[in-house]
Amino acid sequence: MFEGILGYIFGGLVIGVLARLIKPGADSMGWIMTILLGIVGAVIGGMLAAQFGLGRMLTWVVAIVAAIVLLFVYEAMRKKR
């Protein structure tokens, strides 16, 4: 169980960092928000990939795309304040 949690944290970090590198523009968020965004992107990407029967590599791609979409949503929410 502990390995699964660490896996999600590490995977979330990788996915969050990749999403921030791919998305244009500056994102003013810390490492914790990057990890959380990546974890949520991984969960959403994993669900979508399972729904469509995609392979492991495509699951990562879908997770990164989901994290990029979440970055845009996060950025839009911060600008409204």
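Predicted model: local features only at pLDDT ≥ 70, side-chain atom pairs only at ≥ 80, totals over all residues.
1. Helix α2. The helix covers residues 31–52. Its 22 residues should span 32 Å at 1.5 Å a residue, and the end C-alpha atoms lie 31 Å apart, which agrees. Just after α2, Gly-53 adopts a positive phi of about 70 degrees.

2. Helix α3. This helix runs over residues 56–80. From first C-alpha to last, its 25 residues reach 37 Å, close to the 36 Å expected at 1.5 Å a residue. The residues buried in α3 include Val-62, Ala-63, Ile-64, Ala-66, Ala-67, Ile-68 and Leu-71.

3. The largest nonpolar core. It consists of 10 residues: Ile-15, Ala-19, Met-29, Leu-37, Ala-42, Ala-63, Ile-64, Ala-67, Ile-68 and Leu-71. Two or more of these residues come from each of α1 (2–22), α2 (31–52) and α3. The largest share, 5 residues, is that of α3. As background, nonpolar side chains in soluble globular proteins tend to be buried together.

4. Ala-67. This residue is part of helix α3. With a relative accessible area of 0%, Ala-67 is buried, since the cut-off for buried is under 20%. Leaving aside neighbours within four places in sequence, Ala-67 is in contact with Ile-15, Ala-19, Leu-37 and Gly-41. Ala-67 and Leu-37 are 30 residues apart in sequence, yet their C-alpha atoms are 6.2 Å apart in space.

5. Leu-70. Helix α3 also holds Leu-70. Its relative accessibility is 24%, so Leu-70 counts as partly exposed; the band for that class begins where buried, under 20%, ends. With neighbours within four places in sequence left aside, Leu-70 is in contact with Leu-37, Val-40, Gly-41 and Ile-44. Gly-45 is 25 residues from Leu-70 in sequence and 11 Å from it in space, C-alpha to C-alpha.

6. Thr-34. This residue is placed in helix α2. Thr-34 counts as buried because its relative accessibility is 1%. Once neighbours within four places in sequence are left aside, Thr-34 is in contact with Gly-12, Gly-16, Val-17, Arg-20 and Met-29.

7. The largest pocket. About 280 Å³ of space lies in this pocket. Its lining has 13 residues, and those nearest its centre are Tyr-8, Ile-15, Ala-42, Thr-59 and Trp-60. The elements giving two or more residues to the lining are α1, α2 and α3. The most comes from α1, with 5 residues.

Conventions:
Residues numbered from 1 in each chain as written. Heavy atoms only, no water. Helix = DSSP H or I, 4+ residues; strand = E, 2+ residues; numbered from the N terminus. Buried < 20%, exposed > 50% of the residue type's maximum accessible area, 1.4 Å probe, protein only. Contact = heavy atoms within 4.5 Å. Core = buried A, V, L, I, M, F, W, Y, C linked by side-chain atoms within 4.5 Å. Expected span 1.5 Å × (residues − 1). 1 Å grid on protein atoms, 1.4 Å probe; cavity = no way out; pocket = protein on both sides within 12 Å on 5 of 7 lines; lining within 4 Å. Points joined across faces, edges and corners; volume = space filled by probe spheres on them.
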